[in-house]
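Good morning, colleagues. Please look at the sequence and the model on the screen while I go through a few points of packing.

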Amino acid sequence: MKTKIYDAIQQWIPDSKTWTDFPSTSDETINQYALLKSIARFCVEKMDSLDESESESAREIIRVINMLYESGNHYTRNAIENEFFTELSTQENPASLKKHLDFLSKESKQGYLRTLLEN
């Protein structure tokens with residue numbers, strides 16, 4: 001059974017089909033959490049790049065995450081906060097905070113800031 005998170009990422013982020021750095025198990029919850037963590041790492045790499053096409057790739061990932069977060073139920077938001085936002089926050093420093101917040105939508109910013117404060 002595919003989940004909303006998994007389907008949206010596979011559909012809207014073409015590069016995600018080639019990622020192999022997360023284990024695939026029979027537990028879909030574990031798979032989607034691993035996918036969110038993996039996509040967060042990929043996004044951070046792209047955000048930090050000076051190449052405009054890579055930066056645009058990061059923006060596309062964030063658009064998908066924003067869409068999922070804004071339209072998601074409590075479970076979806078929790079998964080994004082626990083994996084994507086937490087991974088993004090581990091890379092946080094004073095210089096990157098503004099850049100990361102500029103990428104996020106209003107609702108996603110609230111979840112991200114809550115994640116930062118909790119960690």
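His100 counts as buried because its relative accessibility is 1%, where buried means under 20% relative accessible area, exposed over 50% and partly exposed in between, with a 1.4 Å probe and protein chains only. This is a predicted model, in which local features need pLDDT of at least 70 and side-chain atom pairs count only at pLDDT 80 or more, whereas totals for chains, interfaces and linings use all residues. Residues are numbered from 1 along each chain as its sequence is written, and side-chain values use heavy atoms, with hydrogens and water left out.

His100 lies in helix α5, residues 94-103; helices here are DSSP runs of H or I with at least four residues, strands are E runs of at least two, and both are numbered from the N terminus. Leaving aside residues up to four places away in sequence, His100 touches Met47, Leu88, Glu92 and Tyr112, a contact being heavy atoms within 4.5 Å.

Two of these partners, Leu88 and Tyr112, also take part in the contact of α4 with α6. The axes of α4 (residues 74-90) and α6 (residues 106-118) come within 9 Å and cross at roughly 65°. Axes are lines fitted to C-alpha atoms, for helices over the stretch in contact, and angles run from 0 to 180 degrees between N-to-C directions. α4 is therefore roughly perpendicular to α6; that term covers 65 to 115 degrees, with under 35 roughly parallel, over 145 roughly antiparallel and the rest oblique. From α4 the contact includes Arg77, Glu81 and Phe85, and from α6 it includes Glu107, Gly111 and Arg114. By class, this contact has four nonpolar, five polar and four charged residues. Here Ala, Val, Leu, Ile, Met, Phe, Trp, Tyr, Cys and Pro count as nonpolar, Asp, Glu, Lys and Arg as charged, and the others, Gly among them, as polar.

What does α6 meet in α3? Asn66, Tyr69 and Glu70 of α3 meet Glu107, Ser108, Gly111 and Arg114 of α6. The axes of α3 and α6 are 9 Å apart, at an angle of about 90°, so α3 and α6 are roughly perpendicular to each other. One nonpolar, three polar and three charged residues form the contact of α3 with α6. Asn66 and Tyr69 are among the buried residues of α3.

Finally, the whole protein. Its secondary structure comes to six helices and zero strands, and buried residues make up 47% of its 119 residues.
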